[in-house]
Each structure stands twice: as C-alpha cells, then as structure tokens.
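Here are a few notes from my pass through the model. Have it open while you read.

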Amino acid sequence: MAVGDAADAGVGAAVACAGFAAWMMCGGGTGLRRARLLLADGAEVRAGPPSRERIAAGWTSLRARARPELWSLAAGLLVALIGSSVLPLLLGAAGVPLLGKVGRAAAARRDRERRGDAVIALCGALAGEVRAGRQPGEALCAAACDSDGLGDGQSVVLAAARFGGDVPAALAEAAREPGADGLLGLAACWSVAVDRGAGLAAGLDRLEGALRAERDQRADLRAQLAGSRSTASMLAGLPVLGLLLGTALGAHPLEVLLHTGPGLGCLLVGGVLESVGLWWALRIVRGAEAA
C-alpha cells in the first residue's frame, strides 16, 4: 500500500472514530432503546449482544462523570494525532480553563433562575398561609418549609420570625444571594404590613405577579435571542466543517496548517479573527439580555 493511501486510511479511521464518539455523546443509542421499551409495553428487552449494552452504559457513565471542558483536551489530542503535531494539543489544553469558565457561568445562571423561581413560590405560599388565618411569623415558617426561596439565610429569617426579631432586615440580608432579589420586595411588604397595618396577602399577590412577569419577560427575551446565539455558534463551527471537507477531498488541510509557515500564519490570523468575531457576537447578545 502506498504511503499516501495509508495516510488517507488513517485519517478516515480517525474521523470515523470521532464521529462515533460524537454520536455516542449525543445519546445515539437512546432512540433504539426507547423503541424497544415501547414495543415491549414497558418491559425490559435485551436485544443484541450484552457487550453493546455495557458499552452504551459505560459511555453514559463517562459522560455523566467527565467535566465538559475536558472534551476540549480530548479533541486537541485527537487532532494532534491526526495532524502529527503537538500544537492542537496545546490549543486544546488552553481551551480547558475557558470552557470551564463558560460552564461555571452557565451553572451560576441556572442557580439564579432556580432561586428566583423559589422566591416566587415562597411569596405565593406565604400569601396562601396568611389567607388561611395564620399570623405572619407562623405563616412564614410554614411557607419556608416547602420552599427554598430563603436559601442560606433561611435559619436567620425563621429565627427572626419565631422570636420577634427584625424580619425585614433578615430578608434583606438573604436577598444578597444571586437570584434572590425578590426578597427585597417581600421585606418591603412585611414592613408595610407590620408598621401600617396593610394587608400582607394583597401585597404578596402583587409582588408575586410582578416577579412572575419579570421572569416571563426575561424568558421571552432569551427565546428571541436564541436564534442570534445559535447563528453565532454555527458560524464559529464553519472552519471545522471546512477542515473536514478538505480532509474528505484529500487536500490534507491539517498538514498545510500545522507543518508549513504560511499555514501556521493563516491558522494564527484565522484563530484570532474567529475568537474576536465570536466574542463580539456574544457580547451583543449579552448586552441585549442585560438591557
């Protein structure tokens, strides 16, 4: 076999392995398993060799345990093996902290949204307890048991409610946690109800409606911006698609990019432009969300 044919075969095998890994990461085996369960009316059915089930279970367990940013290192290692260069491995290692930061930011955003939903649920439950005839302190203790809206400051707030402490100050302190801004409104409603004798349940209903409307507005805006975010991500992936097409056509783009001076220059300039363009597009989307 000629050297060029062997290299093409090696590249094709590597691309096939990468495609299989991506298919497994996306849960490619779940559709077949779901179809078997449906046809069996919910009964467990084992079709095919047991090793296939063990492989799928192993991939699922690996995806659950592995941190998402480590896939950058794995992709860099794969490209380094295909292109016979250490540069992709270094770039993949450099992408680990960046992807970790992105993952932590996404996790923090999910925590803020979860805490905001818990505060809304707390306001609704507290309004219901007050309407049921309970005193405000007793109602707050009962509502907090069914909600995580108070977060880490729950013990302080409940102690103030039970023993006649400064509940609005405790609520304001608990509102410092990310996503718990609605507790400031709850503290204001509590102060007005205690100092001026206003109806606490009516104020809580208005507060719950305002917080729910604000949450729905944010969700609607995020849905409207999802198309722009997806477009930016798709454009960022076009160079990878170009490399795959070039490899499939036998042009050996990795060899040119990683082992020649002009190729390294193009790789550097293209990487900088790609990073700046993606950063700028995401900055525009984040600015629209913040506004």
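1. A cut-off to start with: a residue counts as exposed when its relative accessible area is over 50%, and as buried when that value is under 20%. Bear in mind that this is a predicted model.

2. Take methionine 234, which sits in helix H10. Its relative accessibility is 52%, so it goes down as exposed, given that the cut-off is over 50%.

3. Together with Leu235, Leu238, Leu241 and Leu245, Met234 makes up a nonpolar patch on the surface, with about 490 Å² of accessible area between them. Helix H10 (200-236) and helix H11 (238-248) are the elements that each give two or more residues to this patch. H11 has the largest share, with three residues.

4. Now for the inside. Which residues touch the most other members of the largest nonpolar core? They are Leu126, Leu150, Leu183 and Leu186, out of 34 residues in that core. Two or more residues come from each of helices H5 (87-131), H6 (136-145), H7 (154-162), H8 (167-174), H9 (182-196) and H10. The top contributor is H5, which puts in seven residues.

5. Setting aside residues up to four places away in sequence, leucine 186 touches Leu122, Leu126, Leu171, Leu204 and Leu207.

6. Beyond its neighbours within four places in sequence, serine 72 contacts Gly92, Gly95, Val96 and Leu99.

Technical notes
Residues are numbered from 1 along each chain as its sequence is written. This is a predicted model: local features need pLDDT of at least 70, side-chain atom pairs count only at pLDDT 80 or more; totals for chains, interfaces and linings use all residues. Side-chain values use heavy atoms; hydrogens and water are left out. Contact means heavy atoms within 4.5 Å. Patches are made of residues with over 30% relative accessible area and no salt bridge: like charges are joined within 9 Å, nonpolar side chains (Val, Leu, Ile, Met, Phe, Trp, Tyr) within 5 Å. Accessible areas come from the Shrake-Rupley method with a 1.4 Å probe; for residues, only the protein chains shown count as cover. A salt bridge is a side-chain nitrogen of Lys or Arg within 4 Å of a carboxyl oxygen of Asp or Glu. Helices (H or I, at least four residues) and strands (E, at least two) are DSSP runs, numbered from the N terminus. Buried means under 20% relative accessible area, exposed over 50%, partly exposed in between (1.4 Å probe, protein chains only). A nonpolar core is a set of buried Ala, Val, Leu, Ile, Met, Phe, Trp, Tyr and Cys residues joined through side-chain atoms within 4.5 Å.
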